[in-house]
Amino acid sequence: MQIADDVHFWGEHEHAADDKGRFVIPLDFRKGLGDEFMATRGPDNAVWLLPKPVWEHIVSLLQRDFLHPAAGFLQRMFGGGTVVRPDAQARLAIPKH
């Protein structure tokens, strides 16, 4: 899994959705996420946006360690991942599910 050294995804960003349910991806995150990435549920009703290589790494770990006690929780949480693509204005519509 390779993510650029200058890309960091820490932080909280509060955004209001527009009338079509879209929000603008924070500028700091755009470079690391790329043109296509994954959206999934996180704890406490958070939305997690993950670069595809990170997503694929997590999925491979869950498949390998499926008997681990935490695997069921993580599989349920990450099982709803959806490929998403922002529009030309870096807006993203979060899937309803």
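What pattern does the protein chain follow, read along the sequence? The pattern is β-α-β-β-α-α-β-β. That gives three helices and five strands. Both are DSSP runs numbered from the N terminus: helices are H or I with at least four residues, strands are E with at least two. This is a predicted model, in which local features need pLDDT of at least 70, side-chain atom pairs count only at pLDDT 80 or more, and totals for chains, interfaces and linings use all residues. Residues are numbered from 1 along each chain as its sequence is written, and side-chain values use heavy atoms, with hydrogens and water left out.

Start with the sheet. Three strands form it, in the order β3-β2-β4. The sheet is open and its pairing antiparallel. Two strands pair if DSSP finds at least two bridges between them. The edges are β3 (47–51) and β4 (82–84), and each pairs on one side only. On average, neighbouring strands are turned by 35° against each other, direction ignored.

Now look at β2, residues 37–41. Three bridges join β2 to β4. Here M38 stands opposite V83 in β4.

Helix α2 (residues 52–64) lies across β2, β3 and β4. The helix runs at about 100° to β3. Axes are lines fitted to C-alpha atoms, for helices over the stretch in contact, and angles run from 0 to 180 degrees between N-to-C directions.

Finally, the whole chain. Contact means heavy atoms within 4.5 Å. Among contacts between residues at least 6 apart in sequence, 55% join residues at least 24 apart. Of the 97 residues, 28% are buried, meaning under 20% relative accessible area with a 1.4 Å probe, protein chains only.

Technical notes. Buried < 20%, exposed > 50% of the residue type's maximum accessible area, 1.4 Å probe, protein only.
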